[in-house]
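Okay, everyone, I've got one structure to walk through today.

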Amino acid sequence: MAKWGQGDPRWIVEERADATNVNNWHWTERDATSWSRSKLEELLVGIAVGNEAGSCEISDLKQVEGEASCNSRKGKLIFFYEWNIKLSWKGTVKESGEKHEGSVEIPNLSEENEVDDTEISVSKKKGDGDVLKDLMRTEGTSKVREALRDYLKVLKTEFTLGMILPTKTSAGPELAVKKKLSENNVQDSVIPISLDTVGVKIPTVKILLKETFDSPVEELYSIFITKELVQKFSKSRAVIEAKRGGKLQMFDGCITGEYIELLPSQRIVMKWRCRNWPHEHYATVALNFKDQATQTELQLECKGVPVCNEDSTRQCWQKQHFEEIRVLLQQPKVNTE
């Protein structure tokens, strides 16, 4: 048995802000599929090329099938991606003004092939306009490859932020100074030292949802700010301090937050987080209530959701909030006082 302080460093629990995956030793996985679809559309749609013969532009992402993920093991990142992409393009012949359309297909973009070796085929609908097809085959294909390289670059940088987490050593000497001062219980006057909070940047997404409830706007608004009603639809204890700076706690502490803005029967804005999110990371949730006589349209905007928690956060609002509130509203009487 190893002596105290001489254990394998891979298994030693360090002081960490996130308290997970010490030394980045364990296998972690992040699904990049949804993020990749949006990023590919952003990078590919709108690509434009032109010469003396005419001009072309990629107008639509017709199909993007496949998946992508990033895995971390022993402090190393491993990427898996496989995509079948179909794009639409349209162009105009400069001399005649004729307009033509076609497709660009990328049947196998994957980690097994370099971007320069990835097959890209260009086709055109029947008719003249081969000059435009040639333009897309040359300059168009070149720009598409450039966009694919950009996608892989941000996949391996922007998307993976936060996967390789800081350890006590990489956090810098400030923590060691802080620990030393604490251990020695210094009584003499000391020069204050500024200690920045150790944290990591993570990729986030925005969730937009819209629901219509068979309820007057005042009643629906009240359900979100009344402790007794929150406890009814959540079926758990809650802390609801419905005022600016007031605390929010639901599902026995699984959801916590703080109210930022409350406009009666119009709008609620709050800091909001799930317990399993990175330490001290909050999303901003805005609930907008639209009066429609006997019904109310509720628009939700949730900004800053960690990419890896997008699906679970969406389910949380749709299943654990909205569906349960509908059940509550169907009861004989909802006391909103």
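So, how do the residues lining the largest cavity divide into nonpolar, polar and charged? There are 11 nonpolar, one polar and no charged. For the classes, Ala, Val, Leu, Ile, Met, Phe, Trp, Tyr, Cys and Pro count as nonpolar, Asp, Glu, Lys and Arg as charged, and the others, Gly among them, as polar.

Quick housekeeping: this is a predicted model, numbered from 1 along each chain as its sequence is written. Local features need pLDDT of at least 70 and side-chain atom pairs 80 or more, while totals for chains, interfaces and linings use all residues, and side-chain values use heavy atoms, with hydrogens and water left out.

Now, pLDDT is the predictor's confidence in each residue, from 0 to 100. The chain averages 81, with 77% of residues at 70 or more. Over residues 166–200 the pLDDT is below 50.

Back to that cavity. On a 1 Å grid over the protein atoms alone, a cavity is a set of points where a 1.4 Å probe fits but cannot get out, a pocket is an open set with protein on both sides within 12 Å along at least five of seven lines, and lining residues have an atom within 4 Å of a point. Points join across faces, edges and corners, and volume is the space filled by probe spheres set on them. β11 (267–274) gives the most, three residues. Helices (H or I, at least four residues) and strands (E, at least two) are DSSP runs, numbered from the N terminus.

On to the sheet: seven strands, open, antiparallel, in the order β7-β13-β12-β11-β10-β9-β8. Pairing takes at least two DSSP bridges between two strands. The edges are β7 (204–213) and β8 (239–240). α6 packs on the sheet, touching β7 and β9 among others, with its direction at about 15 degrees to that of β7. Contact there means heavy atoms within 4.5 Å; axes are lines fitted to C-alpha atoms, for helices over the stretch in contact, and angles run from 0 to 180 degrees between N-to-C directions.

β9 and β10 pair over four bridges, and Q249 stands opposite T256 in β10. Both Q249 and T256 also line the second largest pocket, which holds about 160 Å³. That lining has three nonpolar, four polar and four charged residues.
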